[in-house]
Amino acid sequence: MDLFDLKGKVAVVTGGSGTLGGSISKYLASRGVKVAVIGRTQENVELRLGKIEKAGGEGIGLVVDVLDVSELKQARDTILEKWGRIDILINTAGGNLPGATLTEEQTVFDMKITDFNKVTDLNLNGTVYPSLVFGEVMGDQKSGSIINISSMATSSSITRVPGYSVAKSGVEIFTKWLAMEMATKFSEKIRVNAIAPGFFISTQNKRVLLNEDGSLTERSQKVIAKTPMGRFGKIDELNGAVHFLSSDAASFVTGTIVPVDGGFSSFSGI
C-alpha cells in the first residue's frame with residue numbers, strides 16, 4: 001500500500017487561479033487528482049485549467065467569490081454532480097492588499113479601517129466559509145483533508161502588515177478548532193491542518209521584496225538575514241507538504257501548523 005498515493009481523489013483549491021493555488025493545482029493534477037480550480041476571474045481560472053489539461057490532468061474551473069456562501073454552495077453542487085465527492089480542500093485564497101500595507105513613514109494610526117476590514121475578511125472568512133461549505137461534504141462522507149494557508153506573520157510581529165497578521169493568526173486557531181470539531185463529532189478520518197509559508201516572491205509582494213533592477217530591497221535583506229537557508233523559497237517547494245497532508249501518510253496528523261520557511265521561524269536572528 002502506497003501511503004502517498006493520491007490517484008482518483010477530488011480536490012478543491014480556492015485561489016486556484018493565483019500563483020500559489022495554481023502551482024498546487026497543477027501539482028495535484030500531475031499526481032492523478034481531479035482538481036476543481038476556484039478563482040475570482042474567468043480569464044485566470046481558464047489559464048490555470050489549461051495548464052492542468054495540457055499536462056494531462058483532469059480538472060474543472062469555477063469562478064467563485066470565496067466570501068459569497070451561495071456561490072460556494074453552487075460550486076460544491078457542481079463538483080459533487082461531476083465527481084460525487086470531495087476529498088481535499090486547500091484554501092489558498094487570500095493575500096495582502098496594497099491599501100492594508102503601511103508605508104515606512106506611516107504608523108498604525110494612519111491605517112484605514114476599511115482596508116483593515118477587507119484584508120481580514122479575505123484571509124480569515126475567505127478560509128472559514130469554504131471550510132464550512134466543502135467541509136460539510138467531508139463530514140457526510142466521514143473522510144477528507146482540509147489544508148489552510150497561514151503565514152510567518154503569526155509567529156512574531158512583522159512590520160507594516162497588521163491586518164494580514166491578525167487574519168492569519170485567526171486562520172491558525174480556526175484550523176486547530178476545526179480539527180477538533182471534525183475529529184470528535186464526525187470522523188477521525190477528517191483532518192484539518194495548515195501550512196505556514198516563509199518568504200516566496202510572488203506578484204503580490206514583488207514590489208516590496210525586489211527593486212526594479214531585480215536587486216533585494218532593504219526589507220528583503222532583513223528577511224534573508226533571518227532565514228538560515230539564505231534565500232527565498234521556490235513556489236513548488238510547498239508541494240511536498242501539501243502532498244503529505246493530503247495523503248494517508250498523514251493519517252494521524254491534525255490540528256497542526258507546518259512551517260515551510262527555510263528555518264525562518266526557528267531562528268532568532270542572532
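Author: In this predicted model, a residue is called buried when its relative accessible area is under 20%, and exposed when that area is over 50%.

Reader: Is S165 buried or exposed?
Author: S165 has its place in helix α5, where, leaving out residues up to four places away in sequence, it touches A153, T154 and I158. The cut-off for burial is a relative accessible area under 20%. Because its relative accessibility is 12%, S165 counts as buried.

Reader: With which residues is V161 in contact, leaving aside its neighbours within four places in sequence?
Author: V161 is found in the loop between β5 (144-149) and α5, and at 11% relative accessibility this residue counts as buried. The C-alpha atoms of V161 and T103 are separated by 9.6 Å, although these two residues are 58 residues apart along the chain. Once the neighbours within four places in sequence are set aside, the residues in contact with V161 are N96 and T101.

Reader: Which element gives the most to the largest nonpolar core?
Author: The largest nonpolar core has 28 residues, and those with the most contacts inside it are V12, I38, L62, I79, I86 and F134. At least two residues of this core come from each of β1 (10-14), β2 (34-39), β3 (59-63), α3 (69-83), α4 (113-141), α5 (162-185) and β6 (190-197). With six residues, the element that gives the most to this core is α4.

Reader: How many residues has the other core, which lies apart from the largest one?
Author: Y27, I88, I195 and L238 are among the residues of this other core, which lies apart from the largest one. The number of residues in this other core is 24.

Reader: Is α1 parallel, perpendicular or oblique to α8?
Author: Helix α1 (residues 19-30) and helix α8 (residues 239-246) pack with their axes 10 Å apart, at an angle of about 55°. Angles under 35 degrees count as roughly parallel and those from 65 to 115 as roughly perpendicular. The angle between the two helices therefore makes the relation of α1 to α8 oblique.

Reader: How many nonpolar, polar and charged residues has the contact of α1 with α8?
Author: The crossing in which α1 passes α8 is right-handed. On the α1 side the residues that meet α8 are S23, I24, Y27 and L28, and their partners in α8 are N239, V242 and H243. Sorted by class, the contact of α1 with α8 has four nonpolar, three polar and no charged residues.

Key:
Residues numbered from 1 in each chain as written. Predicted model: local features only at pLDDT ≥ 70, side-chain atom pairs only at ≥ 80, totals over all residues. Heavy atoms only, no water. Axes fitted to C-alpha atoms, helices over the stretch in contact; angles between N-to-C directions. Helix = DSSP H or I, 4+ residues; strand = E, 2+ residues; numbered from the N terminus. Parallel < 35°, antiparallel > 145°, perpendicular 65-115°, else oblique. Left-handed = near helix turned anticlockwise from the far one by under 90°. Contact = heavy atoms within 4.5 Å. Nonpolar A, V, L, I, M, F, W, Y, C, P; charged D, E, K, R; others polar. Core = buried A, V, L, I, M, F, W, Y, C linked by side-chain atoms within 4.5 Å. Buried < 20%, exposed > 50% of the residue type's maximum accessible area, 1.4 Å probe, protein only.
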